[in-house]
Amino acid sequence: MSQQYVVNDPKGLDFRVHRAAMVDARVLEEEMRRIFDRCWIYAGHESEVRAPGDFVTRTICGRPIILSRDSANAVRVFINVCRHRGAVVCRERSGNARGYTCFYHGWSYDRDGNLDGVPGESSYPTTFMRKDLGLAQPPHVDSYRGFVFVSFNPDARPLAQYLAGAKEYLDLVVDQSPTGEMELIQGTQEYTIRANWKLLVENSFDDYHLMSTHKTWLDYMKKSGVAIPKPPKGHVMPAHGVGRALGNGHAVIDNENFRGRPVAKWIPIYGEDAKPEIERIRAELVSRLGEERARRVADTNRNLVVFPNLVVNDGSSVTIRTFQPTAPDRMEVTAWALGPKGESPKARAIRLDSFLTFYGPGGFATPDDVEALESVQQGMASWREIPWSVMTRGMSKEGEQLNTDELHLREFWIEWDKLMRDGA
Amino acid sequence: MSLRSEVEDFLFHEAALLDEWRLDEWLALLTEDAKYRVPSNDAPAGDPADTLFLIADDIQRIRGRVARLKDPHAHAEFPHSRTRRLITNVRAEEMVPGTFSGSENVPGTISVHANFAVYRMRRGGNESVYVGRYRYLLRRVGGELRIAMREAILDSEELGRLGAVSFIL
């Protein structure tokens with residue numbers, strides 16, 4: 001790259017991002033090779049496939065994949081492409097299958113990915129080796145506490161090492177489950193945003209925008225009887241929160257909760273009849289984790305970005321969000337709700353109801369985020385006149401950075417810049 | 001007048017109110033326990049108690065939604081989208097009491113199915129068509145039809161380029 005996209009000068013208190021990084025098609029092409037093909041990328045959740053033969057299909061890093069359980073009930077990821085002519089083999093969204101048959105010429109694969117049927121196989125010469133033509137797999141597949149990642153980079157470091165400090169924050173999410181396992185709840189929110197994917201990274205853990213972009217949500221909370229405190233001195237937000245870098249481009253905002261949590265802080269919106277259930281959940285947390293850890297799990301909201309494109313927000317509810325760029329100004333977003341495996345029907349209903357007040361394409365907040373990102377993308381067309389976005393909030397501070405500062409955004413961009421510059 | 005004609009008149013009136021953003025008048029068409037739902041595209045027959053929806057409002061959140069949409073700080077709908085609703089294939093039947101559970105069991109409930117195409121137009125060439133079907137439960141309150149439940153079930157495989165359901169679909 002000849003263009004410098006990130007200026008990072010801690011001594012000069014200067015940090016800027018070049019807006020061409022959001023509009024240039026060549027940048028996206030480089031990102032696909034240097035970032036998406038080299039990092040660990042979120043592929044799905046183990047709970048999406050529970051029994052041998054269960055599968056879901058989706059597109060990751062531009063490749064169609066199958067996430068499935070094989071005959072030994074191990075989680076597998078296959079590239080969902082026929083080895084013969086390259087057609088997509090499994091075209092259903094999800095299901096349970098003995099195997100997968102490509103409809104084009106009828107090649108079939110078993111649930112372990114082996115090629116087990118080739119019509120008219122005798123016409124192939126002796127060089128044809130059926131055993132070498134099973135469904136292809138990414139070079140690396142691994143999971144951490146139910147979150148399944150793949151890497152298309154043969155030289156990828158181990159997942160646990162890659163996740164670095166993000167593990168602590170995934171642990172905080174999973175620790176809310178009495179069974180030690182979280183599960184994906186059925187119902188998927190899939191929508192397109194006409195904006196560059198990195199704008200959603202920023203937005204997903206940018207608390208500086210909350211008070212202005214989400215004023216109507218805050219008003220609704222207030223009207224419903226939720227106490228929204230006045231921001232403490234030196235703060236923009238109603239409660240204290242910090243931004244933290246977690247290594248390898250991962251970062252988080254970690255906030256004292258003021259907005260209610262299904263695990264486990266009751267607010268009037270949940271209704272009086274939900275109070276005993278929330279109290280029961282809290283008591284279980286305390287008895288299992290101890291008072292201090294229970295408070296950490298139940299009384300903080302955390303928005304986590306796992307570099308480059310996984311967001312786990314544990315706030316009004318838990319949402320997993322991932323997004324695939326399809327053009328410099330377009331991304332496809334998928335969002336799910338995550339809940340403790342084995343949680344009571346009442347708790348599950350509270351969790352889902354709480355989710356919808358804030359999150360999703362029909363929520364009281366997310367549509368305004370989408371509008372903001374699309375508005376920014378429109379503005380990026382003037383990058384020649386206004387090439388730089390300043391990202392210096394909190395830069396002169398020693399020590400703790402607020403959730404409304406921009407340390408965590410800078411962390412993402414520093415890693416992005418590093419990978420885009422590395423020889424690859 | 002046939003039940004279907006009466007229901008069609010009611011739905012066409014509701015559509016006009018929504019297209020004209022006369023949201024307080026629309027609210028007045030709802031019962032005190034009304035529900036408004038848009039299921040996720042991949043789980044059109046789900047139950048919001050155990051399935052993630054796009055929208056699953058009780059009357060409190062419907063009122064909150066209207067308050068929000070009237071506020072210029074509802075950025076996704078300010079300026080308001082222009083919408084135009086085409087509603088067809090209306091089928092209506094009086095429900096037989098005792099054969100259904102929950103709110104459907106209220107005597108005099110009318111079950112309605114209809115198809116819709118809702119056009120949404122915003123500046124910048126952002127035009128989209130929401131296609132699907134409506135499911136309504138209507139009740140007579142003081143002789144007038146009122147909405148106890150309205151569900152908009154989208155046909156598209158994913159919300160995709162439609163982006164959001166930030167207006168009342």
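View 1. Thr57(A) stands opposite Ile66(A), which lies in β5(A). The model is predicted: local features need pLDDT of at least 70 and side-chain atom pairs count only at pLDDT 80 or more, while totals for chains, interfaces and linings use all residues. Residues are numbered from 1 along each chain as its sequence is written, with chains lettered from A and ligands numbered from 1 in the order in which they are written. Six bridges hold β4(A) and β5(A) (residues 63-69) together in the antiparallel sense; two strands count as paired if DSSP finds at least two bridges between them. Helices (H or I, at least four residues) and strands (E, at least two) are DSSP runs numbered from the N terminus. Two residues separate the strands of this hairpin, and Cys61(A) takes a positive phi near 55 degrees there. β4(A) also pairs with β7(A) (residues 94-96), antiparallel and over three bridges. In that pairing Asp54(A) has Asn96(A) of β7(A) as its bridge partner. Five of the seven residues of β4(A) (residues 54-60) are buried, so the strand is largely enclosed by the rest of the structure. A residue is buried if 20 or more other C-beta atoms, placed from the backbone, lie within 10 Å of its own; 12 or fewer make it exposed, and values in between partly exposed.

**View 2. The open sheet β1-β2-β21 of chain A.** Three strands, in the order β1-β2-β21, make up this antiparallel sheet. β1(A) (6-9) and β21(A) (388-390) stand at the edges with a single partner strand each, so one side of each has no neighbour in the sheet. Between β2(A) (residues 14-18) and β21(A) there are three bridges. Arg16(A) faces Val390(A) of β21(A) across this pairing.

**View 3. Helix α9(A) and what covers it.** The helix has 14 residues and spans 21 Å from its first C-alpha to its last, close to the 20 Å expected at 1.5 Å a residue (1.5 Å times one less than the number of residues). 11 of the 14 residues are buried, so α9(A) is largely enclosed by the rest of the structure. Among the buried residues are Ile350(A), Arg351(A), Leu352(A), Asp353(A) and Phe355(A). Their cover includes α6, α7 (275-289), β19 (318-327) and β20 of chain A, together with β2 (53-57) and α3 (59-69) of chain B. Just after the helix, Gly360(A) takes a positive phi of about 95 degrees.

**View 4. The side of chain A that touches chain B.** 34 residues of chain A are in contact with 32 residues of chain B (C-beta atoms, placed from the backbone, within 7 Å). β14 (189-193), α6 (215-223), β20 (330-340), α9 (345-358) and α10 (366-379) of chain A each give at least two residues to this side. The largest share, eight residues, comes from α9(A).

**View 5. Chain B as a whole.** Three helices and six strands follow one another along chain B as α-α-β-β-α-β-β-β-β. The C-alpha trace of chain B spans about 50 × 30 × 30 Å along its principal axes. Of the 169 residues of chain B, 36% count as buried. Among contacts in chain B with a separation of 6 or more, 58% join residues 24 or more positions apart.

Note on methods: Two residues are in contact if their C-beta atoms, placed from the backbone, lie within 7 Å.
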